[in-house]
Amino acid sequence: NTKVDSVTVEGEGTYTINPTTGEVTFQPLPTFKGTATGVDVRLTAPVGQNKDGQDVTATATTKYTPTVTAVTPTAKPSDSAGVQGETQKGTPTFTEGNAEVPIKENSVKLLNADGTEANGPVDALDEKGNKVGEYTVNPATGEVTFTPTDKTYTGKVVPAKVQAEDKNGTKVNTTYTPHIVGVTPSATPAQSSGIQGQTQDGTVSFAPGETTVEGEKKSVPIKANSAVLVDASGNPVAPGTTVDALDPDGNKVGEYTIDPATNKVTFTPTNKEYKGKVQPAKVQAEDENGTKVSTTYTPTIVGVTPTSTPATTTDVQGKTQESTVSFEAGKTTIDGKEKSVKIDPDTYTLLDEDGKPAKEVPAKDPEGNVIGKYTLKTVDGKAVAVFEPTDKTYSGDVQPVRVQAKDKNGTAV
C-alpha cells in the first residue's frame, strides 16, 4: 500500500493524519451520517540494530473508524388571524439540531405546491384551488406574508410551505397558515311620507362590518361613493341613471335617483294623480373589500282630494246672473304638519251634458227647453259662473250647470 497523508472516501469525507503525533482527523461531508468505512493507519518505528549495526524497524497496522451522529434541524409552524381583506404575517420557527450546526443564514424559502423551491411569490389558494392571495417570504427573518388578492373571500386558505436548511444542507419544512375572519357590512332602510304629487327623499345608511381578532376590534370601512340603485333585474345602474318607481301593479308612477356621496334617495312622481303604495327603491353599497350589502328606500304617497261648494243665485226675470263657485285645496297632515295641493285656476271649466269640458253650455228649464246659456270666467283666481237668459219671458227654475276644477296634481273636483 502507498503511504499518503490524506485519504478521501467518496460519499463520506476526507481523512488526514499528523505524521508527528499520529492523530487522524476525519472531515465528513455535510450530508454524511452514520459509521464511516474507516481508514488503515500504519506506524513504522526503529526497534534496534542488527549484527551489522544497521537500524531495524517494525511496522504496526490498525484501523480508525469514525461514527458521525446525525444532526436534524426542527421547525414549528406558524399561523395568524386577520380581518377579511387584511394583509397577514407569521414567522415559522427553525431550530438547529446541534449548536455546532446552526441554521444557514438567508436559507428560508417558500415551496411551490409540488414541493419545488420557489423563486418568487407563491399563489395562496382556497380549498378548491382558486387563487385568493399571494405568499412571500423574507429569507433573512423567515417572516411569511399573506397578501389577499380576492378581498371578498372569507374561507380557509391552503397553508404556505416553508423550508430552511442548516449549515450541513439538511433541509426542514413547515407551514404558515393565515386565517381570514369574515366581516359583513350592514344597512338600515329609509322611508318617507309625502303629499300626493310631492317629491320625497330619504337617506339610507350603511355600517362597516366589525369583528374581534385576537382581542382587537377590527372593521372594514364602507367604500366612499359606492351607493347605487339596483334595477328590477337586480343589476346596479350607472351613477346619475334613474330607476322607474312602480306601483304594486308594476305601473310607473315616478323615478328614483341617488346621491352616492350622501346615500340620499329621491322619489320624483311622474304621475301626480297617483296615491298609495310605491314599490321600494333597492339600494346597494360595498365595503373596501368589495363585500356588497343592500337595503331599501320606500316613499308613501298620501292622497288629497280638493273640495267644492255649489253656488246658487236668484234674480228677476230676464236678467243675467253670476256667482263664484268655491274650490278648496285638498289637505292632510303629515308628520304633524298640514300640507295641501293648490287649485290650478287654469283648469276651471264648464262640463256639458256628456261630462266633457265646454266653454258654453245651454241653460234649460226643467222640461229641457233652452232658455239661456252658461259661461265661465275667472276673477281674481276664482271661478265665476254666468247665466245669460235668451228667453227673457221665462221665469222659474233652471237646470244647474256643472263646473270643474283640478288641483296642481290634476285631481278633478
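A contact is a pair of residues with heavy atoms within 4.5 Å. The model is predicted: local features need pLDDT of at least 70, side-chain atom pairs count only at pLDDT 80 or more, and totals for chains, interfaces and linings use all residues. Residues are numbered from 1 along each chain as its sequence is written, and side-chain values use heavy atoms, without hydrogens and water.

**View 1. Contacts and strands of the chain.** Among contacts between residues at least 6 apart in sequence, 55% join residues at least 24 apart. The chain has 40 strands and zero helices (DSSP runs, E of at least two residues for strands, H or I of at least four for helices, numbered from the N terminus).

**View 2. Extent of the chain.** The C-alpha atoms fill a box of roughly 190 × 35 × 25 Å along the principal axes. Of the 413 residues, 35% count as buried (under 20% relative accessible area, 1.4 Å probe, protein chains only).

**View 3. The largest nonpolar core.** This core has 21 residues; a nonpolar core is a set of buried Ala, Val, Leu, Ile, Met, Phe, Trp, Tyr and Cys residues joined through side-chain atoms within 4.5 Å. Leu229, Tyr256, Val265, Val278 and Tyr297 have the most contacts inside it. At least two core residues come from each of β25 (243–246), β26 (252–259), β27 (264–269), β29 (281–286) and β30 (292–302).

**View 4. Surroundings of Leu229.** Not counting residues up to four places away in sequence, Leu229 touches residues including Asn235, Pro236, Tyr256, Val265 and Val283.

Methods
Buried means under 20% relative accessible area, exposed over 50%, partly exposed in between (1.4 Å probe, protein chains only).
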